[in-house]
Each structure stands twice: as C-alpha cells, then as structure tokens.
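Biologist: Before we go through the labels, I would like each one set against its cut-off. Could you keep the model open while we talk?

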Amino acid sequence: MSKIKTFGFDTLSLHAGQRPDPATGARATPIYQTASYVFKSPDHAASLFNAERAGHVYSRITNPTTAVLEERISALEGGVGAIATASGQAACHLAIATLLGAGDHIVSSRSLYGGTHNLLEYTLPRFGISTTFVDPRDTDAFAAAITPKTRLLFGETLGNPGLEVLNIPAISEVAHAHDLPLMIDSTFTTPYLCQPFALGADIIFHSATKFLSGHGVIIGGLVVDSGGFDWAASGKFPTLTEPYAGFHNMNFVEEFGPAAFITRARKEGIRDFGACMSPTTAFQVLQGMETLPLRMQRHITNTRAIVEFLATHEAVEWVSYPERPDHPDHELAKKLLPKGCGAVFSFGIKGGREAGQRFISRVELLSHLANVGDAKSLVIHPASTTHHRMDAKALAAAGISEGLIRLSVGLEDPDDLVEDLGQALRASQKS
Amino acid sequence: MELETRSGNLFGYSGARAHQSGQDTVVFVHGTGMDHTVWVLPSRYFARHGYNVLALDLPAHGRSQGSPATTIDAMADAVIEAMATANISSAALVGHSMGSLVALSAAARYPDRARSLALIGSTAPMGVHPDMLRYAADNDHGVIDMLTYWGYSKAAQLGGNENPGLWMAGNTLRLLERAPDNLIHIDLAACKGYDTGLSHAQAVACPTLFILGERDIMTPVRSAQKLISAVAKTQVCVLEGSGHSLMMERPDALLDALISIV
C-alpha cells in the first residue's frame, strides 16, 4: 500500500492559507487594511456574532490577510489553527491567559528569552500565576516541580543563551502523564528546523519578528494549537470545558473539539486583551515565510562556517553550538534537530568584558543590536549591554561570562562575515 | 444533551440552545470517524432561527458511548431511537458522507420521521478504496491521511478557509485521530456493505436535496446520478470548487443550501 502524497513544506511555505483573491485575481496576498466589514443584513450580522457563519466582523479578532498567515503557520507546524499577535510576548501571554488564572502554576525551563522570564518571574505573579524554573536538561526536575495547581509546562526548543536543546519528547511525556499540556517557544528553530507538535508538544508560540519573517522590519507573534491535547480528559481546564458566560455560554471543547483552545483564545483573549497583529504586518511576515526554507538553509550553512572559523581562532576561548561534539546536548541535537541547530549561538572572547567591548566596537558588517533572526548578521555583548549592571559573579549565575558574545548569523557571503569577525577579534586583543 | 438509548448513552449537540416544544427539528448525522463538531456552524444557525437541533454523535463516536453500529441500517435505527428519546417526532434529516447513507436509510424505513432530507457528499453504492479499508483494519494512520486529504479539493489542501485562522486539514486529522481503534474500519465497512441505497432512495417520500462538491473525488458528482434519479422529489445543488468536506470548504454556501430544504 502506498502512503498518500501531500503538499511538501516548501510548497506550503509559499501557498498555505491563500488562494488567488476572488475579488481581483491578485496572486499575492492582498493587504486588507480595514478595521471592519460591512454586514449583508441584520441577520448576517447576528450570524457572524453568534458563530454561525464564517466571516469577519472586526480586525482585532479576525482579518483576511492575517488569517492567511495564521493558516500558513498552522500548516507548517501541523496544527489546527493559530492566532497572529502584536508580538511574540503577546503570543506567550495570550496562550497562558487562555488556560491559566489566579492560583495556577507553571513549570518552566529556566533558560529563557529575557522578556519571557520577566513575564513569568515578575509580572504574572501579580495576577496570581506563579512559575517554578528548572534546569531544561533535567527532565526529572520538570516532574518534581509539578504541583496540584500546575497547569502548563514550558520551554524553548533552544534555550537562551546556552542553547540547551529541550528534550521535547521526554518532557511532553512528563506533561501528559500529569494531564498537562507542554508549550514551546520555537522562535529560534522555526518549523523548518523543528516541528514540536510531532515531538509531543501541544502549543507553540513564535516571535514572528525573527526568522519567520527574516527581514527585521516588523514586530509580531503567533500562537499555534496542535489540537491534540485532550482538555476534557484532563479535567483541569474549566475555561475550555465549562460554559463561558462571556460568549453566550459557549462550551469550547463541546463545540469545537480539536480547535477548542485556539477558538477560546480568539473568542476571549484576542477580543479582550486586544494584542492583535496588523494586516500590513501579517503581509510582511508572509513575504518572509515564502522563502523560509531557502533562508533557513543559508542561515545554517553560514552558521556552520562561522562556528568552524571561531572554534580555531586564537582569540576565542570557547564556542557553544549544539552541532559541536563538545556541546552537552550534541547527541540530542542530532536526533531532534537533524537539519541544523539554528543560527544563534555564543562564543567566549579572550580578555573578558573589556575585550568584548573592543570587539563590539570594531565590527563593521555585523550590526550591534538587541535582536536575532534578521537576514543581516547581528551581534551583542551582554556584559556591556543587556546585562551591564551585573558583576562577574552575577553574570556567571545567569550563565553568562564577561567575554560572551552572541551572534545571530545572517545571509551575507560567509567570507565577508569571517573577514569582519576576524578583524574585530584581532582588534579585541589589543589593549 | 445526553440521550439514554438501547445503543448506549448518546450525545447530541443542540446548537447551544435548549429544545422548545412546537418547533421544527433538524437532525445532523456525521460521517466516518467524525462527530457533531463538524456541524457546529449550521447547528448554531438553525437553533437561533427557531429550530430544535440534534447533531448526534453516532454510537461510540465523539462523546457517545455504546458499541459501534456495524451497518448503515443499524446506525439509522440509533438515530431514530435518539430522536424518540429526545421527543422528536419528525425532522429534517441532514447527513454527510456515511451520515448521508444513514439519513437515507432512516428516511426510507421510517418515512413518518423524515420531514425532508439533505444528502451531502453522497452516493450509493458508496465505494471504499481497498487500501483505505486495509489501513483501517490495521488502525494505520494511512486511513486518516486518505480520509483527510482525499476529502478536500486540491485547492482546499492548501487552505483558504472561510473560517478564519483554522487549518482545515489539521482539524480533520485531529478529529479522526480521536476515533477509537477499529471504529473507522467499522464505519467504512458499513458504507461498503450498504447495498440497499437505490431501493431506499425509491422509498423516500419527502423532499430531498443533494448537496455535492464539484471537485469531490470520494463521492464524485457523476457517481451520484443513479441515486439522484431514484428519489422522487429531488433537487441538486453542486458547490463549485468544493471537495468532499463541504462543511469545512464551503460552510456558508452549504448553509444557504440547507436553509432551502430544512
């Protein structure tokens, strides 16, 4: 028996979610830059408000351009649906706020993007949601931190800044054994390098600002629902299994089955919190996603070239990249990330904080800024920027050495990047 | 609503509104391996427009308990019994794919129970690809892939959902993955074994509407012609561009067609 053939990843990157515009024949996704939509009749309006007909009411909730992006990421991740948000932070918050309330608890990897850490550590506790942070390499620690109030396990495919490879299959087993979902921040890997749903995750969010769009011109986020978690069997999620007075006593599990989570997130979270993506932003993300497979391949080949160059450079103390045999997660990376381990990594420069500052001041082609995932190569020295108030001891506690440099490798000619890094490294060693 | 029947406790979705006495009723019957969630949009519409709605989960499907019915006629019996339990004397019977055969059987064998009939993505006899049956017998995911992707037109396999933000194929995959082991095989075997469709069609007395997908490769329009000809009071609506999953691909056009018969 032959297996059925379906559209491949590259085709879906270009086409998923969009057909030629029925009104104009436009091949590209039109930007429907409108706040609202004319109803055909009072009954048509009522049917849209009551979830009886497909269509759009108000662009905070749905928009035709944004919907194409939502379908496309759902297709690439293998989910049932998605919501585009104003930022990756908004996506993270939307997912959490849809499932959790005051008194609930999260078990999270402690190797997180700083913005996410701030949300979990400092902001959500004000709303009664607490988090226990654990070593992402310690699956048992995730299990040990689960309490009767836990409602979510969370981690990043590649931790920040140590690039710990999250053992998604093992941690999802822990989550599901406790009737809990696992949420993954897959920003660094994109669905081209890693598809967390296939590994056992239940919810994914992205900062679309990074590799998904790839051009560094927008801020956006996406939350994607696998549709595979059994909310009813879990019995721990009344927002999905009990009537919701805020939408005519809608029962999301009963009425939307596999799409219960993402439907509640839209009917409540994007409606009430309002952190939606603009249609123009969605269009710009879509332009980037059309070339996602090609760009990610180039990101990976460039990164490998830079890692190889730095690993043997006399001014470099260490290079941390999971494809290197000396990385603690090398074997796991080979299994979970066979296409590559992303284009963001760190290395240590000899000479500590001062050498790091000299290096940063001398790079010319690479851009010194606080972002990753641009088509252009980016660099930052945390000890003199994002973490400049920390002394050496505090930095070490955060897993950051004084000479740590973080690179986000772009799509330039690799020789040009090597040349720029080489001259800056040489300069860094001259006091 | 929960319905205690001889087939077990069955679940019926009412369109988020309680039944009222004196209202006409619409009964929806899902296809192979599926459940009531495929009918949420039209259920909510008809419930708001003064109908009692019963989108039934067939035995062992969705939230319904009991053993699966192994023939189309047995499924139709379960529908009729569920209607009786819900105090529904007659209804517009709406079925999709396997559910259309169930509705056809019910309308033919219990004519007093059928006010009208809507057969969506229907044909009889309903051929089932042998690979599909073999995969189903092995509980191999291949049958879910076939039902999903053959169930959508080529265009719809790339999305473009009228219902914003939802990936149609992903939803169908997840829904079918929830079916218990062997259930899809039982359903497919029931479809294949239903050999009284044409005679049942000749016995149907109520107004009947066929709603077919122009690009349906599982129950192609041409394959439905004998069945259409066998029904006395019949209308046909072909939805342009749609594959077999008409509720997902063309939800608004489907609803408009249903309004004309319900």
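Biologist: Why does Leu294(A) count as partly exposed?

Modeller: A residue is called buried if 20 or more other C-beta atoms, placed from the backbone, lie within 10 Å of its own, exposed if 12 or fewer do, and partly exposed in between. Leu294(A) has 14 C-beta neighbours inside 10 Å and therefore counts as partly exposed. Its place is in helix H15 (residues 292–311) of chain A, where helices (H or I, at least four residues) and strands (E, at least two) are DSSP runs, numbered from the N terminus. This is a predicted model, in which local features need pLDDT of at least 70 and side-chain atom pairs count only at pLDDT 80 or more, while totals for chains, interfaces and linings use all residues. Residues are numbered from 1 along each chain as its sequence is written, and chains are lettered from A and ligands numbered from 1 in the order in which they are written.

Biologist: What makes Asn249(A) exposed, and what makes His248(A) partly exposed?

Modeller: Asn249(A) has 11 other C-beta atoms within 10 Å and is therefore exposed, whereas His248(A) has 15 other C-beta atoms within 10 Å and is therefore partly exposed. His248(A) is placed in the loop between helix H11 (238–241) and H12 of chain A, and Asn249(A) lies in the loop between H11 and H12 of chain A. Neither name is that of a glycine, yet His248(A) has a positive phi of about 55° and Asn249(A) a positive phi of about 60°.

Biologist: Why are H17(A) and H19(A) called oblique to each other?

Modeller: Two packed helices are described by the angle between their axes and the distance between the axes. Here the axes of helix H17 (residues 352–362) and helix H19 (residues 414–428), both of chain A, come within 8 Å and cross at roughly 140°. Angles under 35 degrees count as roughly parallel, over 145 as roughly antiparallel, 65 to 115 as roughly perpendicular and the rest as oblique, and H17(A) and H19(A) are therefore oblique to each other.

Biologist: Which residues make that contact, and how do they divide?

Modeller: The contact (C-beta atoms, placed from the backbone, within 7 Å) is made by Ala355(A), Arg358(A), Phe359(A) and Arg362(A) of H17(A) and by Gln423(A), Ala424(A), Leu425(A), Ala427(A) and Ser428(A) of H19(A). These residues divide into five nonpolar, two polar and two charged, given that Ala, Val, Leu, Ile, Met, Phe, Trp, Tyr, Cys and Pro count as nonpolar, Asp, Glu, Lys and Arg as charged, and the others, Gly among them, as polar.

Biologist: How do you know that the radius of gyration of chain B agrees with that of a compact globule?

Modeller: The radius is taken over C-alpha atoms, and the globule rule is 2.2 Å times the number of residues to the power 0.38. With 262 residues, a compact globule would have a radius of gyration near 18 Å, and chain B has 16 Å, which agrees. Of the residues of chain B, 62% count as buried, and its secondary structure comes to eleven helices and eight strands.

Biologist: What makes the peptide bond from Ala124(B) to Pro125(B) cis?

Modeller: Omega of that bond is near 0°, and the bond is cis; Pro125(B) is found in the loop between strand S6 (114–120) and helix H4 (130–137) of chain B.

Definitions and conventions
Axes are lines fitted to C-alpha atoms, for helices over the stretch in contact, and angles run from 0 to 180 degrees between N-to-C directions. Two residues are in contact if their C-beta atoms, placed from the backbone, lie within 7 Å.
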